[in-house]
Amino acid sequence: MNFSFSPEQEQLRETVRRFAEAELKPLVSAADDDEIFPRELFRRWAELGLLGVRYPEEDGGAGFDKVSDCIVREELSRINQAFASSWSAHTHLGIWPIWKAGTAEQRERFFRPALRGEKIAAFGLSEPDGGSDIRALKTRAEKVSGGWRLTGSKMYITNAPIADFILVAARTRPELTPDAVSLFIVQQPNPGFSIHRMKKEGIRGSDTGLIHIDEAFVPDDCLLGGREGTYPVILESLSENRVGVAANCLGMARGAYEAALAYARERKVRGRPIGDYQAIAHRLADMAAEIEAVRWLVYYGAWRVDQGDIDAATAAKVKLMASEAAVRISESAIRVHGGAGIMREFPVGRIHRDALVYVIGEGTVEIQRNIIARSLGFKP
Ligand SMILES: Cc1cc2nc3c(=O)[nH]c(=O)nc-3n(C[C@H](O)[C@H](O)[C@H](O)COP(=O)(O)OP(=O)(O)OC[C@H]3O[C@@H](n4cnc5c(N)ncnc54)[C@H](O)[C@@H]3O)c2cc1C
């Protein structure tokens with residue numbers, strides 16, 4: 001493996017860094033305070049042609065690889081994880097399965113407009129009784145003339161309150177088998193869907209919804225791929241996205257570390273910058289070392305994805321290490337700031353709240369450990 005980025009990747013990093021500094025930074029605090037997703041930023045992001053970073057150009061994407069996708073995520077999350085979360089739910093969770101398994105017509109109707117920023121996507125898998133345990137999925141789809149009737153509920157769904165369509169996982173048969181779970185592309189508004197905005201402690205500038213689904217009619221042509229049994233696509237999509245989410249965590253860790261470094265240089269106590277005190281200097285040294293370790297783990301994982309050679313356990317290891325590092329590093333950054341770390345005018349408290357989402361979302365760290373343990377032959 002070549003441990004350097006290509007000139008195109010460095011250029012991409014610079015473009016995203018500039019976008020994040022100029023467009024995302026000025027809005028990040030207000031979006032967090034007011035719990036508002038700045039929708040117009042999606043349109044600006046689409047204008048840069050980066051809504052679909054790693055989809056092939058012939059399909060309407062920017063044609064980059066997974067390493068480049070991770071560069072983009074790292075730079076966005078360094079400044080504004082809430083925006084990065086909404087984008088990730090849109091560009092990966094909500095549309096990757098359509099790109100992978102959708103019919104030509106579904107790609108044209110949903111995937112391509114989503115890449116142009118004309119439609120916002122969401123992905124509804126988690127339910128009140130089943131987040132970690134996909135087998136507990138209760139939402140059911142019943143075959144009726146011309147389509148399906150969906151009944152159930154979905155919880156913690158990113159982008160749901162603002163989505164133009166939601167990819168909904170539902171059981172088309174009662175058995176607990178992979179071919180009993182299918183995905184439906186549900187256009188919004190749908191009279192059978194009621195969506196309630198959820199108030200949060202992390203990524204507050206990203207919209208999250210609780211969805212009640214009451215006999216919602218979905219036409220036949222909105223069954224993903226025109227066939228039942230797309231559960232393996234869900235698993236593949238989640239596994240794929242774990243390395244991407246790890247890159248988001250790397251970005252948050254960097255954002256917190258850079259803020260702590262600047263503060264340690266500037267803040268004087270007893271006439272000396274606090275960074276000159278060994279306790280603070282060692283804390284910063286630990287943060288720098290952990291970021292370096294996570295950076296190369298994330299890009300190694302991305303490279304494995306690009307080789308078509310990522311297994312579930314490797315993806316789980318990358319997500320586990322990066323998400324826990326982001327929580328540790330952002331907490332450390334708060335401590336370096338002293339009382340200022342608790343104040344809203346400094347970014348580190350927000351970054352810590354945002355980082356906590358990622359030891360939970362997209363598969364908790366306990367579930368990642370279970371995946372790794374299974375690869376070692378255990379049955380957790
Ligand atoms: C901000 C946010 C956005 C989200 N966005 C989306 C989205 O867009 N779409 C979507 O479908 N979901 C989304 N989620 C849901 C997320 O994926 C779930 O919260 C997550 O999978 C955990 O499920 P749960 O909350 O039901 O926790 P539970 O499954 O109830 O787990 C509770 C605790 O028990 C532990 N636990 C559970 N089972 C095991 C086990 N077998 N072994 C060891 N420990 C276990 C968990 O690790 C956790 O610590 C989002 C969540 C958040 C917080």
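Trainee: Let's start in strand 5. Which residue there is the bridge partner of Leu-167?
Mentor: Ile-185 is the bridge partner of Leu-167. Keep in mind that this is a predicted model.

Trainee: How many bridges link strand 4 and strand 5, and in which sense do they pair?
Mentor: Seven bridges, in the antiparallel sense. Strand 5 covers residues 181–187.

Trainee: And strand 1 with strand 4, parallel or antiparallel?
Mentor: Parallel, with four bridges joining them. Gly-124 stands opposite Val-168 of strand 4 there.

Trainee: Is strand 4 mostly covered or mostly open?
Mentor: Mostly covered. Seven of its seven residues, 165–171, are buried.

Trainee: Which residues of strand 4 point which way?
Mentor: Phe-165, Leu-167, Ala-169 and Arg-171 point one way. Ile-166, Val-168 and Ala-170 point the other way. Both sets are buried. In a regular strand, side chains alternate between the two faces of the sheet.

Trainee: New topic. How is the chain divided into domains?
Mentor: Domain 1 is 7–115, domain 2 is 121–230 and domain 3 is 232–375. The contact between domain 2 and domain 3 takes nine residues from each of the two. On the domain 2 side, five are nonpolar, three polar and one charged.

Trainee: How far apart are the centres of domain 2 and domain 3?
Mentor: 30 Å, taken over C-alpha atoms.

Trainee: Why does the ligand lie between those two?
Mentor: Because domain 2 and domain 3 both give residues to the shell around it.

Trainee: Which residues come nearest to the ligand?
Mentor: Of the 23 around it, Leu-125, Gly-131, Ser-132, Thr-364 and Glu-366 come nearest. Helix 4, strand 1, strand 3 and helix 11 each give two or more residues to that shell.

Trainee: What's the shell like by class?
Mentor: It has 10 nonpolar, 10 polar and three charged residues.

Trainee: Now the backbone. Where is the cis peptide bond?
Mentor: Between Gln-188 and Pro-189, with omega about 0 degrees. Pro-189 lies in the loop between strand 5 and strand 6.

Trainee: What about Glu-215, what is its phi?
Mentor: Positive, about 50 degrees, although Glu-215 is not a glycine. Glu-215 sits in strand 7.

Trainee: Is Glu-215 buried or exposed?
Mentor: Exposed, because it has 11 C-beta neighbours inside 10 Å. The cut-off for exposed is 12 or fewer.

Trainee: And where is Arg-270?
Mentor: In the loop between strand 8 and strand 9. Arg-270 has a positive phi of about 50 degrees too. Arg-270 is exposed, with 7 other C-beta atoms within 10 Å.

Key
Residues numbered from 1 in each chain as written. Predicted model: local features only at pLDDT ≥ 70, side-chain atom pairs only at ≥ 80, totals over all residues. Near = placed C-beta within 6 Å. Nonpolar A, V, L, I, M, F, W, Y, C, P; charged D, E, K, R; others polar. Domains from an automatic or database assignment. Buried ≥ 20, exposed ≤ 12 C-beta atoms within 10 Å, placed from the backbone. Pairing = 2+ DSSP bridges. Contact = placed C-beta atoms within 7 Å.
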